[in-house]
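Me: Hi! I'd like to go through the cavities and the aromatic contacts of this structure with you, one question at a time. Could you start with the term we will need for burial?

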Amino acid sequence: MNLKVGIVGLPNAGKSTLFNALLKKQVAFAANYPFATIEPNVGVVPVPDERLNKLADIVEKEDGIRPPIVPATVEFVDIAGLVKGAAEGQGLGNKFLSHIREVDLICHVTRYFEDADVVHVAGGVDPNRDKGIIETELILADLQTLNKQVETRGAKDKATVRKWELIQTLKIALDSGKTARAVIPDTEDREILQDLHLLTMKPVLYVANVSEEQLKKSDQFMISAKIEAELAGLSEEDQKQYLKELGLSQSGLERLIQKAYEMLGLISFLTMGVKEVRAWTITNGTKAPQAAGVIHTDFEKKFIKAEVISFEDLVALESRKKAQELGKLRFEGREYEMRDGDVVEFRIGA
């Protein structure tokens, strides 16, 4: 599964600068990993994961071949046309809806930086006002969706009856300015409403786009789109040096991806061999057969068992063969819940 993050924000908030930085990273990524698909409004970038290099070191040491590294990826989707009045046809109108409905998480870029040369579409710099404008447009779009729903008269199916009850509750709540995610916390109720693809049901990560000086002074979740654009044009070594000079250990993009994984409850398991060392994204709590199915759908059906070792244990021993000899590799069955950093080889039947 690929994580999809939609980037929204008012004009001149820095959304395009951030997205263009992602595109630069995508071009570099695609040069090394030809499977990455490039589309005009999609940036496909690797999930930073130092564990993969360490596993590749072990394979190279044991087998004399350094395997290619295939990281998990995140798709960043540029959601255009989201301005005040978008739900009523302003800007690009509702063209943004189809894109935003496909994403797992909304990354809302708000402007904090001051720059006299970059005019703000809504007046002076006011992040709370901008947040309100975008949220209102998403609420209005959801109200349009809800108002189109028709009650199934005489329905006896509990889910159908419950769905109509939830729609009535949501209409009142959204009309008063609340979001669907705030009103419907229950997981089962959310599943009943899933086919409506409500925009305000999606989790939102608010990203403050700040200047370099503001970034140095704050420990909040902030990104400088300008700095990200500069980093994207540097080599890996130069990036590390530049971040060190800024007093940062990670780029904003790396922190953004980590935060998105955390908010969505995602983890990665790892596979290794001479063909490739790879990270696979799954939801926390996924059981071994379903994790195998992420690699290939047939693997879930034909799952027998999983041979597992934690990344930390394997790296401490520096050898998969030694781990096997010492009995550190363990076999897990169908009820095993995968953990982040599990290094696994699935045993599959014919």
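Reply: Happy to! A residue is called buried when its relative accessible area is under 20%, using a 1.4 Å probe and protein chains only. Keep in mind that this is a predicted model. By that cut-off, Phe-269 is buried, and so is Trp-280.

Me: What share of the 350 residues in the protein chain is buried?

Reply: The protein chain has 15 helices and twelve strands. With under 20% relative accessible area as the limit, the buried share of its 350 residues is 45%.

Me: Among contacts between residues at least 6 apart in sequence, what percentage joins residues at least 24 apart?

Reply: A contact here needs heavy atoms within 4.5 Å. Among contacts in the protein chain between residues at least 6 apart in sequence, the part that joins residues at least 24 apart is 66%.

Me: Great, on to the cavities. Which element gives the most residues to the lining of the largest cavity?

Reply: There are two cavities of 30 Å³ or more, and the largest holds about 70 Å³ of space. Elements that give two or more residues to its lining are β5 (105–111), α4 (127–147) and β6 (204–209). Lining residues include Lys-131, Ile-134, Glu-135 and Leu-138. With four residues, the element that gives the most is α4.

Me: How many residues in the lining of the largest cavity are charged?

Reply: The lining includes Val-8, Ile-106, His-108, Thr-200, Val-204 and Tyr-206. Asp, Glu, Lys and Arg count as charged, and Lys-131, Glu-135 and Arg-181 are among the lining residues. Next to six nonpolar and two polar residues, the charged ones number three.

Me: And which element has the largest share of the lining of the second largest cavity?

Reply: That cavity holds about 40 Å³ of space. Its lining divides into five nonpolar, four polar and two charged residues, with Ile-227, Glu-228 and Leu-231 among them. Both α9 (225–232) and α11 (252–264) give two or more residues to this lining. The largest share, three residues, comes from α9.

Me: Now the rings. Why does the pair of Phe-269 and Trp-280 count as stacked?

Reply: The structure holds three aromatic pairs. In this one, the ring centres of Phe-269 and Trp-280 are 6.3 Å apart and the planes are at 15 degrees, so the pair is stacked. Phe-269 belongs to strand β8 and Trp-280 to strand β9, eleven residues apart. For stacking, the angle between planes has to be under 30 degrees, and here the planes are at 15 degrees.

Me: What is the arrangement of the Phe-303 and Phe-346 pair?

Reply: Phe-303 sits in strand β10 (residues 303–310) and Phe-346 in strand β12 (residues 342–348), 43 residues apart. Planes over 60 degrees apart count as edge-to-face. At 6.2 Å centre to centre and 65 degrees between the planes, the Phe-303 and Phe-346 pair is edge-to-face.

Me: Last one: over the ring of which residue does the charged end of Lys-305 sit?

Reply: A charge over a ring has to lie within 6 Å of the ring centre. Arg-278 has its charged end over the ring of Trp-280, 4.2 Å from its centre. For Lys-305 the distance to the ring centre is 4.4 Å, and the ring is that of Phe-331.

Conventions:
Residues numbered from 1 in each chain as written. Predicted model: local features only at pLDDT ≥ 70, side-chain atom pairs only at ≥ 80, totals over all residues. Heavy atoms only, no water. 1 Å grid on protein atoms, 1.4 Å probe; cavity = no way out; pocket = protein on both sides within 12 Å on 5 of 7 lines; lining within 4 Å. Points joined across faces, edges and corners; volume = space filled by probe spheres on them. Phe/Tyr/Trp six-rings, centres within 6.5 Å; stacked < 30°, edge-to-face > 60°. Buried < 20%, exposed > 50% of the residue type's maximum accessible area, 1.4 Å probe, protein only. Lys NZ or Arg CZ within 6 Å of the ring centre and 35° of its normal.
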